Amino acid sequence: MKIVVIGGSGLIGSRVVARLRAQGHEAAAASPASGVNAVTGQGLDAALAGAQVVVDVANSPSFAPDDVMAFFRASTSKLAAAEAKAGVMHHVALSIVGTERLPDSGYFLAKLEQERLIKASPVPWTIVRATQFFEFLAAIGQGSAQDGEARLPTALMQPVAADDVADAVADAALAAPRNGTVEVAGPQALPMDHLVRRALQARGDGLRVVGDAQARYFGAAIDDRSLTPAPGGHARIGALPFEAWLARQAV
């Protein structure tokens, strides 16, 4: 089966491509570096020729609210049109757990718009919503730093390893379209300030992390439900705990 992975050279995309190829599928990594630009449409028709499935794990190069909204509107619309033209039978997209719960975040609003456009497309679809990746926890602290200190929310989050996300996305690509959403999260819900502090410590970063219940997450107020999967036990839970992941980074 031919599967085109938009954003196939990134953190998740490269892992998805490797998993699909290991299972004998023709997985093509598509990105601006390979001459495929979903925002402009450049190279899309040629890349999608003969594809049965398209996986979209691309991300905006800018997180400024207007930029990220423009990115997901353009790329998702161009992909939908090219997929319909090529006869693609399944569109799989990576999104974020809690997208609809953070209306103060321009990034989350843009991801919600991406989901809306996917659902409006004639191409059958599956959306995989993941929690934050372990790999980005340290960057949360660094991006929040002011005067040698990062003040972060104490609300729970349930981050997950990129490898576990890639497994979920690859499995979704090989399954029948759900026309629905799958959530994937790590095995533990822990306070954000604790997680970021541990991630920084493991890297030898001395940035001071202060827990503050009123602190915002990239401009949005959050609580224990904002960044954790829906209750009911229906989320796919990753295999790798946070501390085990940290130990692997030190090897």
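The report below takes the sheets first, then the helices, and then the pocket and the cavity.

This is a predicted model, in which local features need pLDDT of at least 70 and side-chain atom pairs count only at pLDDT 80 or more, while totals for chains, interfaces and linings use all residues. Residues are numbered from 1 along each chain as its sequence is written, and side-chain values use heavy atoms, with hydrogens and water left out.

**Sheets**

Helices (H or I, at least four residues) and strands (E, at least two) are DSSP runs numbered from the N terminus, and two strands are taken to pair if DSSP finds at least two bridges between them. Seven strands form an open sheet with parallel pairing, in the order E2-E1-E3-E4-E5-E9-E12. Its edge strands are E2 and E12 (236–237), each of which pairs on one side only. Strand E1 (residues 2–6) runs parallel to E2 (residues 26–30) and is joined to it by five bridges, with Val5 standing opposite Ala29 of E2. Four bridges also join E1 to the parallel strand E3 (residues 53–56), where Val4 stands opposite Val54. E1, H1 and E2 together make a right-handed β-α-β unit; a crossover is right-handed if, with the strands pointing away from the viewer, the path from the first strand over the helix to the second runs clockwise.

Another open sheet has three strands in the order E6-E7-E11, with mixed pairing. Strands E6 (145–146) and E11 (208–211) stand at its edges with a single partner strand each, so one side of each is left without a neighbour in the sheet. Strand E7 (residues 149–152) pairs with E11 in the parallel sense over four bridges, and the bridge partner of Arg151 in E11 is Val210.

**Helices across the sheets**

In the table, contact means heavy atoms within 4.5 Å. Axes are lines fitted to C-alpha atoms, for helices over the stretch in contact, and angles run from 0 to 180 degrees between N-to-C directions.

| Helix | Lies across | Angle to strand |
|---|---|---|
| H3 | E1, E3 and E4 | about 170 degrees to E3 |
| H4 | E3, E4 and E5 | about 160 degrees to E4 |
| H5 | E6 and E7 | about 110 degrees to E7 |
| H7 | E7 and E11 | about 170 degrees to E11 |

**Pocket and cavity**

On a 1 Å grid over the protein atoms alone, a cavity is a set of points where a 1.4 Å probe fits but cannot get out, a pocket is an open set with protein on both sides within 12 Å along at least five of seven lines, and lining residues have an atom within 4 Å of a point. Grid points are joined across faces, edges and corners, and a volume is the space filled by probe spheres set on the points.

The largest pocket holds about 980 Å³ of space. Its lining numbers 43 residues, and Asn59, Phe63, Tyr107, Phe133 and Phe136 lie nearest its centre. Helix H4 supplies the largest share of this lining, four residues.

There is one cavity of 30 Å³ or more, and the largest cavity has a volume of about 40 Å³. Thr76, Leu79, Ala80, Glu83, His91, Leu117, Ile118 and Ser121 line this cavity, and the elements that give two or more residues to the lining are H3 and H4. The most comes from H3, with four residues.
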